[in-house]
Amino acid sequence: RYDAGLPFRLAKLIRRGGYHLVQGHLFTGNLWGRSAALIAGVPCLATEQSVDFWKGRVRRVADRVLGRVGDRVVCASEAVAAFYRDEVRVPAERIAVIPNAYDPAPRSPAPEEWRKLIGPADAAPVIGFVGRLVDAKDPATLLDALNRATLAVPHSLALLVGDGPERPGMARWIAERAAGERIHLLGASD
């Protein structure tokens, strides 16, 4: 719900609390946080995690305007930075990239049930996806691409690790297309 008074109330809290910086995260937090920081006269960092093609014109205009007056838009990858620079048109000098953390330490072998699906390491090409199964990740495009890829490359498999509200619909999509032998929803995993 839109509340035009919220940035002013937040700015009052920022001033009263003596805060020196506001950090917003994703669209809603960035919208209200950047607006309140601007009113309160404190620096603001906006954090963007993904390429948000789903954002309509109004949200992109809001991002563009606030990206020009905010101090920095911190992006989780070079691809996200390119999207905000080229598509949303946030000035490049206001964009910084801080990649998501990655632990390169070796992991334990895949669980036994995964190995049963994959077979011997040299048996078939495997396409993997790890992430949240949410609308913003555009699961329809992902499934279409995986279906095409597994049909084009004989004996290939697609393994999707993750969970979310789109999982039941994705399972139906796979079942309706008889792709169940090629595309596997494995659920959440540690």
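Trainee: In which element is Leu26 placed, and what makes that element a helix?
Mentor: Leu26 lies in helix H2, and helices here are DSSP runs of H or I with at least four residues, while strands are runs of E with at least two, both numbered from the N terminus. H2 covers residues 26–40. The model is a predicted one, in which local features need pLDDT of at least 70 and side-chain atom pairs count only at pLDDT 80 or more, whereas totals for chains, interfaces and linings use all residues. Residues are numbered from 1 along each chain as its sequence is written, and side-chain values use heavy atoms, with hydrogens and water left out.

Trainee: Why is Leu26 called partly exposed?
Mentor: Buried means under 20% relative accessible area and exposed over 50%, with partly exposed in between, using a 1.4 Å probe and protein chains only. Leu26 has a relative accessibility of 37%, and therefore counts as partly exposed. Leu26 also has a positive phi of about 65°, although it is not a glycine.

Trainee: Which other residue has a positive phi without being a glycine, and where does it lie?
Mentor: Asp138 has a phi near 55° and is not a glycine; this residue lies in the loop between strand E5 (126–130) and H6. Asp138 is partly exposed because its relative accessibility is 36%.

Trainee: How do you know whether Arg34 is buried or exposed?
Mentor: Its relative accessible area is 5%, so Arg34 is buried. Arg34 is found in helix H2, and, leaving aside residues up to four places away in sequence, it touches Gly29, Cys44, Ala46, Asp63, Leu66, Gly67 and Val73, where contact means heavy atoms within 4.5 Å.

Trainee: What makes H1 and H2 oblique to each other?
Mentor: The axes, lines fitted to C-alpha atoms over the stretch in contact, with angles from 0 to 180 degrees between N-to-C directions, cross at roughly 60° and come within 8 Å for helix H1 (residues 6–17) and H2. Angles under 35 degrees count as roughly parallel, over 145 as roughly antiparallel, 65 to 115 as roughly perpendicular and the rest as oblique, and H1 and H2 are therefore oblique.

Trainee: Which residues of H1 and H2 meet, and how do they divide by class?
Mentor: Leu6, Pro7, Phe8, Leu10, Ala11, Ile14 and Arg15 in H1 meet Trp32, Ser35, Ala36, Ala37, Ile39 and Ala40 in H2. By class, this contact has 11 nonpolar residues, one polar and one charged, with Ala, Val, Leu, Ile, Met, Phe, Trp, Tyr, Cys and Pro counted as nonpolar, Asp, Glu, Lys and Arg as charged, and the others, Gly among them, as polar.

Trainee: Why is H6 called roughly parallel to H7?
Mentor: The axes of H6 and helix H7 (residues 167–176) come within 11 Å and cross at roughly 30°, which makes H6 roughly parallel to H7. In this contact Pro139, Leu142, Leu143, Asp144 and Asn147 in H6 meet Met170, Trp173 and Ile174 in H7, and the residues divide into six nonpolar, one polar and one charged.

Trainee: What makes Asp144 partly exposed?
Mentor: Asp144 is partly exposed because its relative accessible area is 31%. Asp144 is placed in helix H6 (residues 139–152), and its C-alpha atom is separated by 9.7 Å from that of Ile174, 30 residues apart along the chain.
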